[in-house]
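Here are my notes for you to read alongside the model. I have kept them to numbered points.

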Amino acid sequence: VYSYSDGTAAELMHAAYTEYKVVDLNLDDRRDVLIFRQETETRQGMAEYYTWEDGVMERRQTAALSKDIHTIERIVTGYVTADIPGVFVTSTYGEDALVTDVFAFRGQTFSNLTLSAESGVSTQLVRSYQVFATDIDEDGVVELPTLVALPSATAGEDTYWLVEWYSLQTDGVGTKKETTFYYTPGGWYLTVPESWTDQLTVSRTTEDSQCLCYTFSQWTGRDQTPQEILSIFALTGEDRLPRAQSEGKFLLGEKGDVAYAAQLGESALSKTLTEASVQAMFHRIKTDWNSGET
């Protein structure tokens, strides 16, 4: 880190790092440097907080990352609560998991808010699913994901998941904010009404090579046929726009060479939906600028 004055550069600090962020966490209107270091042999990582004080920029406080993480995948800056900024660090963990550490100031102490003292690993662990911390409801506060398995529509079908999003308090306690069906490969998600969550199943069909469909149905029991609420279609090919507006479908939008459409079912829950309400439920997953991933 350098300062520049009268055409001259002066070094303020230097440090080895794996990743870093420049951010104002202590709300003094000056940006500080947050450095993340991973030790290859011990598989232990540290967050180091550098700030300018008394004419010197030095490391002031540290906090541990989750132990045994592999690589840092994404770093998101935002607010933990309306008045407390934080940094959300998601890393790969084990063979198929993502773990998120949340760093912020608790009073005057720089802390990892989600680190378990017993296990040394953050409580924010998601297995077998690529979903990252984000401000899902765009209220200025970053939410963290938790997975909830859905019952299968038919025996032997893949398990699908809802993603419940929680905001944190500085004591690590979460508050549920929103529930979604989050389809990362397709780059879209659907906000799910809370009245659906305990009676929902999802199935996937491929009508042809240019049409992929996810159907949301009302679950009434293992031996009962689910009642269709809503279907979401991803259509490709030159005739995608006409197909997106045929046979009871209506267009949700386009992204690149894909047109997204919806169709209402016959379930009692579908009677509460309109074209406008489905448009409001359907969202695109924002792409991370650094990685290019959703």
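1. A word on terms before the details: buried means under 20% relative accessible area, exposed means over 50%, and partly exposed lies in between (1.4 Å probe, protein chains only). This is a predicted model, in which local features need pLDDT of at least 70 and side-chain atom pairs count only at pLDDT 80 or more, while totals for chains, interfaces and linings use all residues. Residues are numbered from 1 along each chain as its sequence is written, and side-chain values use heavy atoms, with hydrogens and water left out.

2. Let me start with Lys249, which has two partners. Lys249 is buried because its relative accessible area is 11%. Lys249 forms a salt bridge with Glu247, the closest N and O atoms being 3.5 Å apart; the term asks for a side-chain nitrogen of Lys or Arg within 4 Å of a carboxyl oxygen of Asp or Glu. Glu247, by contrast, is exposed at 65%. Lys249 also lies over the face of Phe233, at 4.8 Å from the ring centre. For such a contact, NZ of Lys or CZ of Arg must be within 6 Å of the ring centre and within 35 degrees of the ring normal. Arg74 does likewise with Phe132, its charged end sitting over the ring at 3.9 Å from the centre.

3. Which residues does Lys176 bridge to? One is Glu164, with the closest N and O atoms 3.1 Å apart. Glu164 lies in strand 13 (residues 161–168) and Lys176 in strand 14, so this pair ties together parts 12 residues apart in sequence. Strands (E, at least two residues) and helices (H or I, at least four) are DSSP runs, numbered from the N terminus. Lys176 also forms a salt bridge with Glu194, at 3.0 Å between the closest N and O atoms. That pair links distant parts of the chain, as Glu194 is in the loop between strand 15 and strand 16, 18 residues from Lys176. As for cover, Glu164 is buried at 15%, whereas Lys176 is partly exposed at 32% and Glu194 is partly exposed at 42%.

4. The structure holds 15 salt bridges. Arg37, Glu39, Glu48 and Arg59 are linked in a network of them.

5. The largest nonpolar core has 28 residues, and Phe181, Trp188, Tyr214, Phe216 and Ile232 have the most contacts inside it. Strand 18 (227–235) is among the elements that each supply at least two residues, as is helix 2 (275–281). Strand 18 gives the most, with four residues. A core here is a set of buried Ala, Val, Leu, Ile, Met, Phe, Trp, Tyr and Cys residues joined through side-chain atoms within 4.5 Å.

6. Finally, please check two backbone angles. Leu27 has a positive phi, near 55 degrees, although it is not glycine; Leu27 lies in the loop between strand 3 and strand 4 (32–39) and is partly exposed at 47%. Glu138 also has a positive phi near 55 degrees. Glu138 lies in the loop between strand 11 (125–127) and strand 12 (144–149), and is exposed at 60%.
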